[in-house]
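Please keep the viewer handy as you go.

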Amino acid sequence: MWIFLLLIAVPLTEIGLFIWIGDEIGLWTTLAIVVATALLGAVTLRRQGLQTFQKLSNLRADQEAPIVLIEGLLIAAAGLLLLTPGFLTDTIGFLFLIPPVRVAIARRAAARAVVYAARGMEARASQGEPSAASPHSSDPPHAEPRPSAVRRPDPAPRRSDAEDATVIDDDPTRST
């Protein structure tokens, strides 16, 4: 329902802003601003998109991959918002392109995703459903459990080459 309201509210707000700003500064100036923000947004989007792609390709295990991925999604959203004509969408798009703002949004979104995932796992556990970590999580809810894989005993330990080797003493002065 909220998506429907957003699809109605955003265009109406944009039309109102076009009319109001057009009355204040004139039609051609308003249109020039819209075109300029789209071009500036495209250039900024390309530059920051490449930076995010480099972050992803240089990602190490100690870095937070979800935050970098969410930043990439926010940059893509910024591109869509900047290409959409309007002052409200341009403002939101440019906010997504400001690195400290984008990182703050990405961190908050990643934290909320962790909370939602934990709640989902708790809900599944309370309903008796197998969790995602369960080895049989792909089984239907009322299926018989699969038998565990039959583990064969390890073969007899192999003797090392050092145990198999015969010692040859080439030194005749050494006593045995």
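## Helices H3 and H4

In this predicted model, helix H3 (residues 65-83) packs with helix H4 (residues 87-97) at an angle of about 155°, their axes lying 8 Å apart. That angle makes H3 roughly antiparallel to H4. For the terms used here, angles under 35 degrees count as roughly parallel, over 145 as roughly antiparallel, 65 to 115 as roughly perpendicular and the rest as oblique. Axes are lines fitted to C-alpha atoms, for helices over the stretch in contact, and angles run from 0 to 180 degrees between N-to-C directions.

On the H3 side, Leu74, Ile75, Ala77, Ala78, Leu81 and Leu82 meet Thr89, Asp90, Ile92, Gly93, Phe94, Phe96 and Leu97 of H4 (contact means heavy atoms within 4.5 Å). The residues of this contact of H3 with H4 divide into 10 nonpolar, 2 polar and 1 charged. Here Ala, Val, Leu, Ile, Met, Phe, Trp, Tyr, Cys and Pro count as nonpolar, Asp, Glu, Lys and Arg as charged, and the others, Gly among them, as polar. Have a look at alanine 77 in H3, which counts as partly exposed at 26% relative accessibility. The C-alpha atoms of alanine 77 and isoleucine 92 are separated by 9.4 Å, and the two residues are 15 apart along the chain.

## The nonpolar core

The largest nonpolar core has 10 residues in all: Ile67, Ile70, Leu74, Ile75, Ala78, Leu82, Phe96, Leu97, Ala106 and Ala110. Such a core is a set of buried Ala, Val, Leu, Ile, Met, Phe, Trp, Tyr and Cys residues joined through side-chain atoms within 4.5 Å. Buried means under 20% relative accessible area, exposed over 50%, and partly exposed in between (1.4 Å probe, protein chains only).

At least two residues of this core come from each of H3, H4 and helix H5 (99-126). H3 gives the largest share, 6 residues. Not counting residues up to four places away in sequence, isoleucine 70 touches Ala106, Ala109 and Ala110.

## Helices H2 and H3

Helix H2 (residues 27-57) packs with H3 at an angle of about 165°, with axes 9 Å apart. That makes H2 roughly antiparallel to H3, and H2 passes H3 in a left-handed crossing. From H2, the contact uses Thr37, Ala38, Gly41, Leu45, Gln48, Gly49, Thr52, Lys55 and Leu56, and from H3 it uses Val68, Leu69, Glu71, Gly72, Ile75, Gly79 and Leu82. The residues of the contact of H2 with H3 divide into 7 nonpolar, 7 polar and 2 charged.

Lysine 55 sits in helix H2 and is partly exposed, with a relative accessible area of 39%. Leaving aside neighbours within four places in sequence, lysine 55 is in contact with Val68 and Glu71. Lysine 55 and glycine 72 are 17 residues apart in sequence and 9.8 Å apart in space, C-alpha to C-alpha.

## The whole chain

The chain has 6 helices and 0 strands (DSSP runs numbered from the N terminus: helices H or I of at least four residues, strands E of at least two). Of its 176 residues, 18% count as buried. Among contacts between residues at least 6 apart in sequence, 54% join residues at least 24 apart.

## Reading notes

Residues are numbered from 1 along each chain as its sequence is written, and side-chain values use heavy atoms, with hydrogens and water left out. Because the model is predicted, local features need pLDDT of at least 70 and side-chain atom pairs count only at pLDDT 80 or more, while totals for chains, interfaces and linings use all residues.

Technical notes: A crossing is left-handed if the near helix is turned anticlockwise from the far one by less than a right angle, and right-handed if clockwise.
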